[in-house]
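Hello,

I am passing a structure on to you, and the notes on what turned up in it follow below. Please look at the sequence and the model before reading on.

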Amino acid sequence: MKLVVGVTGASGSIYGVRLMEVLHDAYPEVETHLVVSRAGIRVLTYETDVDIAKLSSWASVVHPESDIGARPASGSAGFDAMVIAPCSLKTLGLIATGTGDNLICRAADVMLKEQKKLVLLPREMPLSAIHLENMHKLALMGVFILPASPGFYFRPQTMEDLIDHVVGKTLTCLGLEQNLFERWRGQHPERKSLAARQDGETSE
């Protein structure tokens, strides 16, 4: 698989960081082309301990946001999919209207026109009617809108568990098998509630 990974200036840089780390470590067959926006670099530095050099080291190829002549800017380059994690609502809006003038937006536009897989991870709340309208418009075109909203049915114990749930869902949307979290296997009546487990530990 040839994959474009965009990282923009929305809060939630850790999702892009973890995605790139997992792709590098567990999916050597995936060729990753990383594009980080200027705002993405700023938020990455503010929110995480991973700098742009470290993030770039996990990519097969790194492209500047301004390089609209780079390989992801053309459908003839033959990319299979693109994910933007996190995806700012500004970027999402630009993609929805086809008016973006940077490589991330252009690459996303290529995915749409070539009918390739595009996965967007917006991270914002609350959402305005404009945001929801843009998401709806893209969803009708087959774009995966994957809000960075982890589930709790698998009983996460750490922040890393929550991050891995979102990243695991992203990998699934891309068609990649993942083991970052346990898939839902149905609700089991014998499973004790958290309160019951805590009561049992206290009595012991």
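**Aromatic residues**

F181 is buried, at a relative accessible area of 10% (buried is under 20%, exposed over 50%, partly exposed in between, with a 1.4 Å probe and protein chains only). The model is a predicted one, in which local features need pLDDT of at least 70 and side-chain atom pairs pLDDT 80 or more, while totals for chains, interfaces and linings use all residues. Residues are numbered from 1 along each chain as its sequence is written, and side-chain values use heavy atoms, without hydrogens and water.

How many aromatic pairs does a search of the whole structure find? The search returns 2 of them (ring centres of Phe, Tyr or the six-membered ring of Trp within 6.5 Å; planes under 30 degrees apart are stacked, over 60 edge-to-face, the rest tilted). Y153 is partly exposed, because its relative accessibility is 28%. F154, in contrast, has a relative accessible area of 18% and is therefore buried. The other pair joins F154 to F181 and is tilted, with the centres 6.1 Å apart and the planes at 40 degrees. F154 sits in the loop between β6 (144-145) and α7 (159-173), and F181 in the loop between α7 and α8 (194-203), so this pair ties together parts that are 27 residues apart in sequence. Taken together, Y153, F154 and F181 make up one aromatic cluster.

**The chain as a whole**

The protein chain has 8 helices and 6 strands (DSSP runs, H or I of at least four residues for helices and E of at least two for strands, numbered from the N terminus). What is the order of these elements from the N terminus on? They run β-α-β-α-α-β-β-α-α-β-α-β-α-α.

Along the principal axes, the C-alpha atoms of the chain fill a box of roughly 65 × 40 × 30 Å. Of the 204 residues in the chain, 45% are buried. Among the contacts in the chain with a separation of 6 or more, 76% are between residues 24 or more positions apart (contact means heavy atoms within 4.5 Å).

**Nonpolar cores**

Which residues have the most contacts inside the largest nonpolar core? They are L23, L55 and V83, in a core of 32 residues (buried Ala, Val, Leu, Ile, Met, Phe, Trp, Tyr and Cys joined through side-chain atoms within 4.5 Å). At least two residues of this core come from each of β1 (2-7), α1 (13-26), β2 (31-36), β4 (81-87), β5 (117-122) and α7. The element that gives the most to this core is α1, with 6 residues.

With its neighbours within four places in sequence left aside, L55 is in contact with G16, V17, M20, L34, V36, L44 and V50. There is also a second, separate core of 25 residues, which includes L92, A96, A108 and M135.

**Backbone points to check by eye**

Two cis peptide bonds are listed here, each with a proline. A85 and P86 are joined by a cis peptide bond with omega of about -5 degrees, and P86 is found in strand β4. M125 and P126 are also joined by a cis peptide bond, with omega of about -10 degrees. P126 lies in the loop between β5 and α6 (129-140).

Q115 has a positive phi of about 55 degrees, although Q115 is not a glycine. Is Q115 buried or exposed? Q115 is exposed, with a relative accessible area of 73%, and lies in the loop between α5 (103-113) and β5.

R155 is another residue other than glycine with a positive phi, near 55 degrees. Where does R155 lie? R155 is in the loop between β6 and α7, the loop that also holds F154 of the aromatic pairs. R155 is partly exposed, at a relative accessible area of 27%.

Regards
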